[in-house]
Amino acid sequence: MKVLRKIIEIDEELCNGCGECIISCAEAALEIVDGKAKVIADKYCDGLGACLNHCPQGALRIIEREADDFDEEAVEALLAEKKNKTSPAAKPFDCGCAGSHVQSFQVATPFPQAKGPAFAPVAGETGSELTHWPVQIRLVPPTAPFLKGADLLVAADCTPVAYPHFHRDFLAGRVVMVGCPKFDEAQAYIRKFTEIFQVAKPRSVTVVIMEVPCCGGMRQIVSEALRLSGEKIAVEEAVIGARGQLIRREKW
């Protein structure tokens, strides 16, 4: 039944298909279709606008119009359906942004084809240990093939800058996801990691954070996601000081 109510409207001219709104929509009412965000059905959108502040383009707004009434039971059925779709080939959104395209590759050799004194390799220095893309928590889909059974590294995004041997001591042999527990939405992170733990079933998780109070949020995010997922996964935590020193490393 159609009623006059508030609902999300998306300006396709402004939308760049980044997918940020999808992550923040707890009802899964949004999808990327042909490179643009769409409300897949009016009944899934509660019109509260939790997605508004997550659109970097300002393409979303709340309007009032005739629409199918919000159906909470339909939302629960949709979320259950999405949860059961665990195929590694599935993608959470067909994004127009090349920076979010899932890629896997080999570990780089030290400074391949580098020329000139500014790029001369240092004795004993290794190359990048990164084996995949993307790395931002918000952009990595839970169904990414590189997550399956992986040793997962969850890093606060200041840690690679502070710790000089990040690639050697933490990234080597692991799949990394980075983000900021202070500036990003904790609940979106919890939902993302809960799904990753259930779908990809990583072999282990290493959490690397800074020795500042706000960074402790990453510990809570991973812990809560593990609880919600019901999975038993070994977790190790490393804490880095502001001067780049390794303060402690311990298992949960």
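1. Ala186, Tyr189, Ile190, Phe193, Thr194, Phe197 and Gln198 of helix H5 are in contact with Met218, Ile221, Val222, Glu224, Ala225, Leu226, Leu228 and Ser229 of helix H6, contact meaning heavy atoms within 4.5 Å. By class, the residues of this contact comprise 11 nonpolar, 3 polar and 1 charged. Nonpolar covers Ala, Val, Leu, Ile, Met, Phe, Trp, Tyr, Cys and Pro, charged covers Asp, Glu, Lys and Arg, and the others, Gly among them, are polar.

2. This is a predicted model, in which local features need pLDDT of at least 70 and side-chain atom pairs count only at pLDDT 80 or more, while totals for chains, interfaces and linings use all residues. Residues are numbered from 1 along each chain as its sequence is written, and side-chain values use heavy atoms, with hydrogens and water left out.

3. H5 spans residues 186–199 and H6 residues 216–229; their axes lie 8 Å apart at an angle of about 45 degrees. Axes are lines fitted to C-alpha atoms, for helices over the stretch in contact, and angles run from 0 to 180 degrees between N-to-C directions. H5 is therefore oblique to H6, given that angles under 35 degrees count as roughly parallel, over 145 as roughly antiparallel, 65 to 115 as roughly perpendicular and the rest as oblique. The crossing of H5 past H6 is right-handed, the near helix being turned clockwise from the far one by less than a right angle.

4. The protein contains 6 helices and 11 strands, taken as DSSP runs (helices H or I, at least four residues; strands E, at least two) numbered from the N terminus. Of contacts between residues at least 6 apart in sequence, 73% join residues at least 24 apart.

5. Of the 252 residues, 44% are buried (under 20% relative accessible area; exposed is over 50%, partly exposed in between; 1.4 Å probe, protein chains only). The accessible surface is about 13,700 Å², with 53% belonging to carbon and sulfur atoms.

6. Trp133 and Pro134 are joined by a cis peptide bond with omega of about 5 degrees. Pro134 is in the loop between strand E6 (132–133) and strand E7 (151–156).

7. Ala28, a residue other than glycine, has a positive phi near 60 degrees. Ala28 sits in the loop between helix H1 (20–24) and strand E2 (30–33) and is buried, at 11% relative accessible area.

8. Lys201, also other than glycine, has a positive phi near 45 degrees. Lys201 belongs to the loop between H5 and strand E9 (204–210) and is partly exposed, at 45% relative accessible area.

Methods. Accessible areas come from the Shrake-Rupley method with a 1.4 Å probe; for residues, only the protein chains shown count as cover.
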